[in-house]
Amino acid sequence: MAENPITSAIRIQTERTNEMEHSTPMFLTSSFCFDNAEDMRAAFADESDDNIYSRFSNPNIKEFTDKMCALEGVEAAYATASGMSAIFASFMALLKAGDHLIACKSIFGSTHTIITKYLPKYGIEYTYVDAGNIDEWKAAVRPNSKMLYIETPTNPGLELIDLELAGKFAREHKLIFNVDNCFATPVCQRPVDFGADLVVHSATKWLDGQGRVLGGVVGGKANLIHDIYLFCRSSGPALSPFNAWVLSKSLETLDVRMERHASNALYIAAQLESHPAISWLKYPYLPSHPQYAIAKKQMKNGGGIICFELKGGLEAGREFMNKLKMLSLTANLGDTRSIASHPASTTHAKLSEAERLAVNITNGLIRISVGLEHRDDILADILQALA
Ligand SMILES: *Cc1c(COP(=O)(O)O)cnc(C)c1O
């Protein structure tokens, strides 16, 4: 009997060929077919690596995580829909009620919210420590301490944490050492070389680097990543195959992009450093950075972020932002296009001045994410806005 055309239109599919496409095709599929019941049984029994369902795995996601493993030097990785879901999963899969987390207090805002608002709801305790004060870290250790969580360089203050020292500390106290490596990226800094057990990323920033997609990834020791995978496979923060395809392509240019972001940033930072409207400027690869020695030890370059303090405070910050002509005023960072932000009047405006100062968000603080435009054009826009 002839098939109904409606059925044909639904069932006809391009056969997979044994030729290899030069650019990976997109696997926009929620699930995968099996030839027979036995293959399907084996996949569900974890006896094969066959893809089952895109919440668990997908070829585009695997390409992205394989590339991240190569770059970060980690055994395994799991990709998520955003940086925050990667960070959240690393806590929820590996900590339980009664455990204690030690974290540096200069961390990304939403990470701070998870640690202080949500983890305590599940009986997970935390202590914040000062990035540069190792005695405070030692005093924070309890018998139930399970994880050390840090970010270096920090956002937006560009404080650095000595990864070698932190790694030693984590080993001595048997803590899972978890590092947010978003600001540096693996082509600039590899936390596993200093003893990190886990590395988390917002792929939304430099990894994509072109402001297109949200994504996150957590890499590290295979046994830890397996636990995170099992948590995510059930709770569902999977990265979309489309975003994974975009991110896989992005990683192919990460090294050359970061080299240019960093050389642009170093040039601009050096030119701006002694500007009369600025009271201080921080960039990890300028000798004036208070932790220049640490930057040289653990980072291959200074990254793409500069921050500085305007002498005129809050009002000068608003005025600077208003006068910019080329730089984008947007909440993201790590893009081909240069971006300026003034945390005191935007991301941290709901805090009181005292609360802001406690987390080093000073009134005139400006953060610049240096893009890939010509360095003279970026500098010229900043200079005219400072004038
Ligand atoms: C943006 C960012 C995150 C969160 O990532 P999303 O992809 O926005 O969820 C985490 N850590 C740092 C340092 C970030 O800059």
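As the model is predicted, local features need pLDDT of at least 70 and side-chain atom pairs count only at pLDDT 80 or more, while totals for chains, interfaces and linings use all residues. Residues are numbered from 1 along each chain as its sequence is written, and side-chain values use heavy atoms, with hydrogens and water left out.

**Overall build**

The chain holds 14 helices and 12 strands; helices (H or I, at least four residues) and strands (E, at least two) are DSSP runs numbered from the N terminus. Its radius of gyration is 23 Å, which agrees with the value near 21 Å that a compact globule of 387 residues would have. That radius is taken over C-alpha atoms, and the globule rule is 2.2 Å times the number of residues to the power 0.38. Along the principal axes, the C-alpha atoms fill a box of roughly 85 × 55 × 35 Å.

Of the 387 residues, 50% count as buried. Buried means under 20% relative accessible area, exposed over 50%, and partly exposed in between (1.4 Å probe, protein chains only). The accessible surface comes to about 18,200 Å², and 54% of this belongs to carbon and sulfur atoms; areas come from the Shrake-Rupley method with a 1.4 Å probe, and for residues only the protein chains shown count as cover.

Among contacts (heavy atoms within 4.5 Å) with a separation of 6 or more, 71% are between residues 24 or more positions apart.

**Strand 7**

| Partner of strand 7 | Sense | Bridges |
|---|---|---|
| Strand 1 (residues 76-80) | antiparallel | 5 bridges |
| Strand 6 (residues 198-202) | antiparallel | 5 bridges |

Individual bridge partners can also be named: Gly219 of strand 7 is the partner of Ala77, and Gly216 of strand 7 is the partner of Ser202.

**Ser288**

Ser288 sits in the loop between strand 8 (278-282) and helix 11 (292-298). Ser288 has a relative accessible area of 39%, so it counts as partly exposed. Apart from neighbours within four places in sequence, Ser288 is in contact with Glu273 and Leu281.

How values were computed: Two strands pair if DSSP finds at least two bridges between them.
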